[in-house]
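Here is a short briefing on the structure below. Look it over first, then read the points by topic.

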Amino acid sequence: MNMKNFFINPLEYISIILIKKIVFCFFAITFTIRVINLFLMQKFISTYVYEDWLINYSQGFVRRGFSGSILLFLNNNYSLDTFQVFRWFSYLIFLVFCGIYLLKVKQSKQVLDLKSLMVVLFLPSLIFFPLHDRNVIGRKELLFFFGLFINIFFVEKTVKALNINQNFEYEQDKINTINKYCYNLFISYNFFSVPTALIHESILFLSLPLNIVITSTLLGLKLSIKQVSLRTLTIYSPTIFAAVLCFIFQGNESSPVEICQSWQENINAYKSINCDPSHLPLVLRYIGLPVRYFIMEVWRNNIYRHNGLVFLKWISAFLLCTIILMRTSSIILSNSLEKLKRKNQWQYQDEKSLESFSKINLNNVISNFSFKYAFIPFMFSFVLYIIAQDWGRWFFVTSTSYTICLLSPNLILLEIVSCQNNSDRRYKLRPRLLLPIYSIYSRISNMLCGWSLSIYSSILYFLAFVFTLFVLKIPHFGLDWDYSSFTPWIISLLMKFFSMV
């Protein structure tokens, strides 16, 4: 809904604005109730998640050991309770992530219609995912989002400095702005993400691909393909190197016992722990195991279990969320393009820009954006679906990361300009590297996003929409639906809250 609708139908415009405020207030109330319930009443932190952070370098370099070394240092030198430090650190990280995410929602309010707003707030694979499954609070992958926030911050700052929304042209002296972006991103991103990679090596699959795509898109507007590849690889090489190191140093058979003994010696709560190999905490039993063990575990728990019924449930949940999110993204991208057209028409009155806008194919913008920021990151993350069984976590990271990109106006502007520049031969060559995959994806995307609903299919879509947003809960692991699972989560939440008050 834009301002011209105010003059056409002011009552409708005002009513929709009011309904959107009610929806946001409803979200704020339910979100606050859940946070109070988890953080202040239950004070919940999963023991498994806490112990994963305690893996350390006491007996040599091993994957994920950086966080445990820090916690043991604080415990030994400052007599701090590592569990309490971890608990409040986890709460803080989650709340800061939610705060930035909601700022992104506010930043994009002009291009969010009512349904889009409901999706970005209530879709079970987005911000509500950690609250539906409390075992996600404190998980290390929440840190991956902050690297993305850093990158988008510098992208938006660079796009504003380049003023690319007027005339779609760069001046030669603005190459310094690109260089500044590369320098700032190299320092800031790696300062945060190298330690993150040493805490959880899956950053190589869940975060780095998306950030690389974002950087290469920005650099590609000015630089050659060779320059883009070289600079992008240089920027992210420290984090890539740290993550690869963690995959190489998986630990050996003695590592779990030695780490357990370090807990026994340094942490009061673990003084009586049994460090016999057959009685180790679950998180330590995974250290040093071959990849084939994890593949077989995925097969048993997520695919073969219940004669494949669990696998069907996972796919159904993912498809529902994906269809709704992709249709929502098409609305956001369409509204963003319209907003940009009006801005150029009213603010700049630039005929050349308006003519360029008229040549932009909206379907191409939608396909290119979702292919870059959703499909490519998902393909890299697919490795984790094969070797690790926490499918809900991987889906949460990729779908939320894509939504964060959708809620970044200047990133959308960057993609629109990139599509406009396809008239240049240099930009036509790049998609052909992935042309067979992109062609199939583009057709599916156009069919899905441009799908006109009949009255019957509209009813079915509405029911699926309501079910997905207000009933469906995606866990991080072990998707088992029973009758209680189909109770609307808001009813369950209120019952739990009032029972504890």
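Ser-90 makes contact with Ile-45 and Gly-138, leaving aside its neighbours within four places in sequence. Ser-90 is part of helix α5. The model is a predicted one. The points below start with Ser-90 and its helix, then move to other sites and the chain as a whole.

- Is Ser-90 buried or exposed? Ser-90 is buried, because its relative accessible area is 3%, and the cut-off for buried is under 20%.

**How α5 packs on α6**

- Helix α5 spans residues 82-107, and helix α6 spans residues 114-122.
- The two axes come within 11 Å. They cross at roughly 175 degrees.
- α5 and α6 are therefore roughly antiparallel to each other, since angles over 145 degrees count as such.
- Which residues meet at this contact? From α5 come Tyr-101, Leu-102 and Val-105. From α6 come Leu-117, Val-120 and Leu-121.
- The residues of this contact divide into six nonpolar, no polar and no charged.

**Leu-114 in α6**

- Leu-114 is also found in helix α6.
- With a relative accessible area of 25%, Leu-114 is partly exposed.
- Leu-114 and Ile-16 are 98 residues apart along the chain, yet their C-alpha atoms are separated by 7.3 Å.
- Leu-114 is in contact with Ile-19, Lys-20 and Val-23, leaving aside neighbours within four places in sequence.

**Tyr-48 in α3**

- Tyr-48 sits in helix α3, which covers residues 47-53.
- Tyr-48 is partly exposed, at a relative accessible area of 27%.
- Where does Tyr-48 make contact, leaving aside its neighbours within four places in sequence? The partners are Arg-139, Leu-282, Val-283 and Tyr-286.
- Leu-284 is 236 residues away from Tyr-48 in sequence. In space the two are 9.7 Å apart, C-alpha to C-alpha.

**Ser-262 in α13**

- Ser-262 lies in helix α13, residues 255-266.
- Ser-262 is buried, with a relative accessible area of 4%.
- Not counting residues up to four places away in sequence, Ser-262 touches Asn-56, Ser-58 and Leu-72.

**Tyr-385 in α18**

- Helix α18 runs over residues 362-387 and holds Tyr-385.
- Tyr-385 is buried, with a relative accessible area of 7%.
- Which residues does Tyr-385 contact, leaving aside its neighbours within four places in sequence? They are Val-298, Phe-318, Phe-378, Trp-391, Trp-394 and Phe-395.
- Val-298 is 87 residues from Tyr-385 along the chain. Their C-alpha atoms are separated by 7.8 Å.

**Two loop residues with positive phi**

- Arg-64 has a positive phi of about 70 degrees, although it is not a glycine.
- Arg-64 is placed in the loop between α3 and α4, the latter being residues 66-78.
- Arg-64 counts as buried at 17% relative accessibility, because the limit for buried is under 20%.
- Asn-307 is not a glycine either, and has a positive phi of about 55 degrees.
- Asn-307 is in the loop between α15, residues 291-304, and α16, residues 309-348.
- Is Asn-307 buried or exposed? Asn-307 is exposed, with a relative accessible area of 75%.

**The chain as a whole**

- How many helices and strands does the protein chain have? The count is 24 helices and zero strands.
- The chain has 501 residues, and buried residues make up 50% of them.
- Take the contacts between residues at least 6 apart in sequence: 79% of them join residues at least 24 apart.
- The accessible surface of the chain comes to about 23,800 Å². Carbon and sulfur atoms account for 65% of that surface.

Notes. Residues numbered from 1 in each chain as written. Predicted model: local features only at pLDDT ≥ 70, side-chain atom pairs only at ≥ 80, totals over all residues. Heavy atoms only, no water. Axes fitted to C-alpha atoms, helices over the stretch in contact; angles between N-to-C directions. Helix = DSSP H or I, 4+ residues; strand = E, 2+ residues; numbered from the N terminus. Parallel < 35°, antiparallel > 145°, perpendicular 65-115°, else oblique. Contact = heavy atoms within 4.5 Å. Nonpolar A, V, L, I, M, F, W, Y, C, P; charged D, E, K, R; others polar. Buried < 20%, exposed > 50% of the residue type's maximum accessible area, 1.4 Å probe, protein only. Areas by Shrake-Rupley, 256 points an atom, 1.4 Å probe, with all protein chains shown as cover.
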